[in-house]
Amino acid sequence: MAMKEADPALGFLTKKETEVKLPRPTRVKNKTPAPVQITAEQILREARERQEAEIRPPKQKITDAEELGEYRLRRRKEFEDLIRRVRWNTSVWVKYAQWEESQRDFARARSIWERALEVDYRNTTLWLKYAEMEMKHRFVNHARNVWDRAVSLLPRIDQLWYKYIHMEEMLGNVAGARQIFERWMAWEPDHHGWSAFMKFELRYNEIERVRAIFERYVQCHPTVKAWVRYAKFEVKNGEVARARRCYERAIEELGEDGQTEELFVAFAEFEERFKELERARCIYKYALDHIPKGQAEDLYRKFVGFEKQYGDREGIEDVIVGKRRFQYEEDVKKNPLNYDSWFDYARLEESVGDHERTREVYERAIANVPPAEEKRYWQRYIYLWINYALYEELEAEDTDRTREVYRECLKLIPHKKFSFAKIWLMAAQFEIRQKNLPGARQLLGTAIGMAPKDKIFKTYIEIELQLGNIDRCRNLYEKYLEWAPANCYAWSKYAELERSLGETDRGRAIFELAIAQPVLDMPELLWKAYIDFEISEVEHERTRQLYERLLDRTKHLKVWVSYAKFEAGLPLEEESISEEEGREPDAQILETQKQQRVLRSRGVFERAFESFRSSAPEQKEERSMLLEEWREIERSFGDLGDVASVQKKMPRRVKRKRPIISDDGTAAGFEEYTDYIFPEETGMAPNLKILEAARLWKKQKIAEEDEDDE
């Protein structure tokens, strides 16, 4: 019975014996979510962390010829097996051949390249790599053979021809390179191939050969591009008649195909370049008659420019400018206060070149004064006057009219309500360009009297300083400071001027006057300039006094830090004295001075720390930043520094939450902020011990959970 149930197809086993018994699916009883949820990202990360390191074969060192032979045999077998599997893969063949090349077995490498070419001789990369191997190892004849076969089999691949010719030219075989070019030209390549042949001949100054190549080129490629190149070549070699003949032949031989904008524009510009204006005009007119208007926009624009430069302006204006002029007239009639339209209209008339018409447009434009005496309405309008004045000066070259334009503009502006420094300065600079220095000074003086501005003062002082008039500069600075006594920039520049003249006492007195002002726009810059002034004068004691005076006014963190860094960075007197006397510095004195410098800097930091702690205890972040700066300075002192004492004072950062109160007084949630707890505040904060105990408990709890997981 058992034999009957046995199946020969199953090896004489019964179906029951061959059945695969799958485990019964486990029924999930508790479907509630687990207390700890695991994401897919965590699973992947754990799998990556527990992944075993990749097993890599050990590095093999070859010590004798037998091992080398075994290594080569094994590698060749690997490559051959790989080729049998994927013989169409080019990279495998390249790697195999390059490996044989690295073994200096060039015969085998060539054999591999040849086998690869039998598989796919149309692959350009194989030919290039093959030839590069031969060239790299100076097998010139082999390389020639490879290139010759490559260009014979793939004559339409320009890169092969370029490489072949480049090799021959590098070897100095000019005749051979020329012969290769001739073979290439027989295949009628594109424009780049012919251009390369011409450049090759030009490198060897074979002008007649280049001309012959151009003749073949234009027969091979009868296009406008080819003929224009031919003509430009003749122009470059000074053959004007030949170049003209090229353009004429192009129009004759190309027929309707040559009726293009590019050819006629090039021909006309050629004639224009050699002052054949009538010829150029005839070419333009002929082209406009034979080319559709939609295809001749550039030609039309060039013709207009040509006529504007050389032709009858009156005749061309009616055709070209008339339409645009009519459009602008309509625009300015609709809205006379649309200054952008006036700008465009004036620019159009300037391009035409008619001075009277341009002046008329400008006069009509500036007559449209803004209705309200507010600066925002005048900011665009004022540029009409500026453009008018620049046009009269630069284009019309009428000095008197330019001066009159500036004068009328300055009369029109209501200086009591607002003014424009740009107009005053441009008028003054115009007078300087006319070498009228008294007139420029009078203008700038009037500007200071009527509408003083920072820019006017700065420019006037700069002009006088360039002229070397120091007394005038001082007078101007005094007027500047009378007008703006709170301007720290003016005080600093005035003092800087005196210092550059060697007037140290005057500069110091100016700084003293400046810091005594009740109101200053940027006092921190002024104090910094004063301190830098004293440091540059090597007045260390005065600098200390300045810092002390500044600290009487403000206890800002930056002032304390700057003061301490100043003390820490002072040069040692012993070094400078020994350098002047030409001797070695005394080590004991140097050490004493270094210690004094450290003590002074440390004293400043201690005062600053005590000031923040007693006067501004709420500025904890500033106190923490001060300690960080102090610690860095102590580290820079090296052995003399006391980093440990500063480290003891460093606070501990604690993240806390505080309520956010909205504008209407209601609570809008909480925000997190960083609080700083200093060592001396530990006993004052009753909740710190509780917080510390909570932190330790949480840390212990996390450790216990990790142990349970393990």
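Of the contacts in the chain with a separation of 6 or more, what percentage is accounted for by residues 24 or more positions apart? In this predicted model, such residues account for 47% of those contacts. The chain has 36 helices and two strands, and of its 710 residues, 37% are buried. Its accessible surface comes to about 45,200 Å², with carbon and sulfur atoms contributing 50% of that area.

Helix H28, which runs over residues 504–515, can be followed in more detail. Its twelve residues should span 16 Å at 1.5 Å a residue, and the 17 Å between its end C-alpha atoms agrees with this expectation. The buried residues of H28 are Gly507, Arg508, Ile510, Phe511, Ala514 and Ile515. Because these residues cover an arc of only 160° around the axis, they lie on the same side of H28, whereas Asp505 and Leu513, on the other side of the helix, are exposed. The packing partners of the buried residues of H28 are helix H27 (488–500), helix H29 (523–536) and helix H30 (540–553).

Together with Ile38 and Ile43, Val36 forms a nonpolar patch on the surface, and the three residues have about 320 Å² of accessible area together.

Technical notes. Residues numbered from 1 in each chain as written. Predicted model: local features only at pLDDT ≥ 70, side-chain atom pairs only at ≥ 80, totals over all residues. Heavy atoms only, no water. Helix = DSSP H or I, 4+ residues; strand = E, 2+ residues; numbered from the N terminus. Expected span 1.5 Å × (residues − 1). Buried < 20%, exposed > 50% of the residue type's maximum accessible area, 1.4 Å probe, protein only. Arc of directions from axis to C-beta. Contact = heavy atoms within 4.5 Å. Patch = residues over 30% accessible without salt bridge, like charges linked within 9 Å, V, L, I, M, F, W, Y side chains within 5 Å. Areas by Shrake-Rupley, 256 points an atom, 1.4 Å probe, with all protein chains shown as cover. Salt bridge = Lys/Arg side-chain N within 4 Å of Asp/Glu carboxyl O.
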